[in-house]
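Here is a short report on one protein. Look at the sequence and the model first, then read on.

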Amino acid sequence: MSATTTKSPSLGEAFWRGCRHGAPFVLVVGPFAILFGVLATEAGLNVLETLAFSVVVVAGAAQFTALQLMTEEAPTLIVLASALAVNLRMAMYSASLTPYLGAAPLWQRALIAYIILDQSYACASVEFEKKQDMTVPERIAYFAGTSAPVVPSWYFCTYLGAGIGTRVPDSWALDFALPITFLALMAPMLRTRAHLIAAIVSVVVSLLAAGLPYSMGLLIAGVLAMMAGARAELYFDEKARRT
């Protein structure tokens, strides 16, 4: 009984600390979710389909990618493959978190896999590195806390945007907003020379392969860009070690 009373406050404190750290990201996630809802309905999805899209995927960049390809009437396989390619960074996030969360029960790891976001990963990686004495349950509670304000906001704001989108006149022609939004999502990620090289490769290959059917050029450009970025990262790391 005493073990329970001493453990629960620790888990609760970790959860609410995660909530405090994750809450500011709502200011960023909310507007993007609203815009996604508007553009999804503009592309022909109804409110329920748009909300289901966000609930099932919970990934802004992948959702915008899939929506862009859907508006271009790309085959379902291409849409899924492109969205997965955009979200490959989540596999790296998972590998990075495994030393901290790998001992958790399967159902908890499944929940973490669903709610892992750029924001929750950024908070957790800093917190877990700083507080090495946290137990696995405390880490799980903290991670859940970082996503607790963000994920429901993504749902609600998607629904709000979809409701707004159904009332937007067709004459407004919001199609232009989708590529602009995608550029806004990608631009802050260009933080290193390897990122810039990957971006340049993706642009060049996309332009050269623009004539391929079903927007296959985008998928090819994404794969080659990731390969170029990974190779550049290794090269610059090796160069830094030598100097």
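The report below covers the fold, a pocket and a surface patch.

## Overall fold

This is a predicted model. The protein has 13 helices and 0 strands. From the N terminus on, the order of elements is α-α-α-α-α-α-α-α-α-α-α-α-α.

The chain holds 243 residues. Of these, 38% count as buried.

## The second largest pocket

The second largest pocket holds about 280 Å³ of space. Its lining is made of 13 residues. Nearest the centre of this pocket lie V57, V79, L80, A83 and L84.

Which helices supply at least two residues each to the lining of the second largest pocket? They are α3 (47-57), α4 (60-71) and α5 (76-86). Helix α5 gives the largest share, with 5 residues. By class, the lining has 11 nonpolar and 2 polar residues.

## A nonpolar patch on the surface

A nonpolar patch sits on the surface. Its members are L88, L212, I220, V223, L224, M226 and M227. Together they have about 560 Å² of accessible area.

One of these patch residues is V223. V223 is found in helix α13, which spans residues 216-242. Why does V223 count as partly exposed? Its relative accessibility is 38%. Partly exposed lies between buried, under 20%, and exposed, over 50%. V223 therefore falls in the partly exposed class.

Technical notes:
Residues are numbered from 1 along each chain as its sequence is written. This is a predicted model: local features need pLDDT of at least 70, side-chain atom pairs count only at pLDDT 80 or more; totals for chains, interfaces and linings use all residues. Side-chain values use heavy atoms; hydrogens and water are left out. Patches are made of residues with over 30% relative accessible area and no salt bridge: like charges are joined within 9 Å, nonpolar side chains (Val, Leu, Ile, Met, Phe, Trp, Tyr) within 5 Å. Accessible areas come from the Shrake-Rupley method with a 1.4 Å probe; for residues, only the protein chains shown count as cover. A salt bridge is a side-chain nitrogen of Lys or Arg within 4 Å of a carboxyl oxygen of Asp or Glu. Helices (H or I, at least four residues) and strands (E, at least two) are DSSP runs, numbered from the N terminus. Buried means under 20% relative accessible area, exposed over 50%, partly exposed in between (1.4 Å probe, protein chains only). On a 1 Å grid over the protein atoms alone, a cavity is a set of points where a 1.4 Å probe fits but cannot get out, and a pocket is an open set with protein on both sides within 12 Å along at least five of seven lines; lining residues have an atom within 4 Å of a point. Grid points are joined across faces, edges and corners, and a volume is the space filled by probe spheres set on the points. Ala, Val, Leu, Ile, Met, Phe, Trp, Tyr, Cys and Pro count as nonpolar, Asp, Glu, Lys and Arg as charged, and the others, Gly among them, as polar.
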